[in-house]
Amino acid sequence: MASIDFDVEIKQLRATMKTIGQVLDLDGMRAEIADLGQRVAAPDLWDDQENATRVTGRLSALQGQLDRFTELDGRIDDVEIMVQLAQEENDAGTLTEAETELGKIHKAVENLEVRTLLSGEYDEREAIISVRSGAGGVDAADFTEMLMRMCTRWAERNKYPVEVYETSYAEEAGLKSATFAVKAPYAYGTLSVEAGTHRLVRISPFDNQGRRQTSFAAVEVVPVLEQTDEIEIPDEDIRVDVYRSGGPGGQSVNTTDSAVRQTHLPTGTVVSCQNEKSQLQNKASAMIVLKAKLLALKKAEEKAQLDAMRGDVQASWGDQMRNYVLNPYQMVKDLRTDYEVGNPQAVFDGDIDGFLEAGIRWRMGAEKAAAS
């Protein structure tokens, strides 16, 4: 027979879902979806492509969030009916199946509950992520590319759009750096816990003697600005350089000098963009990234954490926040939360929800401790 009290478990799930529904403000969400639906139906919507993209993206994200809540609520109803019928018929097999389903529902509810913890000033924004190779030579560059793939695969799993702004390829393999955006509500609040130094230990595929190599990469996460954010950048504070985009092995991506590098002279902040064919488009995209980074700097100054928010992590020994060990054993462990898994390949394939959830809960606890 099943080893749990179904009545208690189901009541706890319903109580948690009620709290989540209150925090999400389901009525307000439905009203906003209806309003956005009317705006999407307007015949002149795409006269302003930037606004149209923002409106349709917001509608899709809100509808997806509401659908996830509704689906979970329905699964709880279904498992309750399954338990009632199985108990009436004394069907042990069905009760075991119901217990398994309850475990899956618990996990899904926990993931949804984490969203309610994202209440920071910029948590609901889209995210701009930069990855940078640290100590470790070619292995570090390869690791940097693995981290970029990890984040983009996570986005793909959740059906979140990704826009790559810049990729700087290393000479032998991997990436020196890359910058990309995850375009989904709460992407910043969710992914900001990935910021910091990541450490990889493995038998190097680039060492002909098959020695174990330790390498490092840094991850920076900043929120995308909105039109209401006030970040003014005088023209004289920016140096703009143009150059020819290049891919692996020196292969030309564009046939013109369309890539753009912008340097904010007062802070030394540098951003690049080479994704678009047009120099003008690359300049506009680079400005989006630059303003996002300057906003992060501004907030960091207010919190006396300028170095951390600027991405001034050394990406070397002593300051890592997560270890990825492929040899002599298989494990990924977050050193802040102690959360760990024994399947690194799944993590590199984008299965990082456990790390994100643990990181968000850890951050919330740290903020509460600091405030007390």
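How many bridges join strand β4 to strand β9, and do they run parallel or antiparallel? I began today's page with that one. I am working from a predicted model.

**Entry 1: β4 and β9.** I looked up both strands: β4 covers residues 196-203 and β9 covers residues 320-325. They run parallel, and 5 bridges join them. For a handy spot to check on screen, I picked Thr197, whose bridge partner in β9 is Gln320.

**Entry 2: the whole sheet.** Next I wanted to know where this pair sits. I found an open sheet formed by 8 strands, with mixed pairing. Reading across, I noted the order β2-β3-β1-β5-β4-β9-β10-β11. At the edges I have β2 and β11 (340-341), each of which pairs on one side only.

**Entry 3: the β2 and β3 hairpin.** Strand β2 (residues 162-169) pairs with strand β3 (residues 175-182) in the antiparallel sense, and I noted 7 bridges. Glu163 stands opposite Ala181 in β3. Between the strands of this hairpin there are 5 residues. I marked Gly174 there, as it takes a positive phi near 80 degrees.

Entry 4: Is Glu50 buried or exposed? I put Glu50 down as exposed, because its relative accessibility is 57% and the cut-off for exposed is over 50%.

Note on methods:
Residues are numbered from 1 along each chain as its sequence is written. This is a predicted model: local features need pLDDT of at least 70, side-chain atom pairs count only at pLDDT 80 or more; totals for chains, interfaces and linings use all residues. Side-chain values use heavy atoms; hydrogens and water are left out. Buried means under 20% relative accessible area, exposed over 50%, partly exposed in between (1.4 Å probe, protein chains only). Two strands pair if DSSP finds at least two bridges between them. Helices (H or I, at least four residues) and strands (E, at least two) are DSSP runs, numbered from the N terminus.
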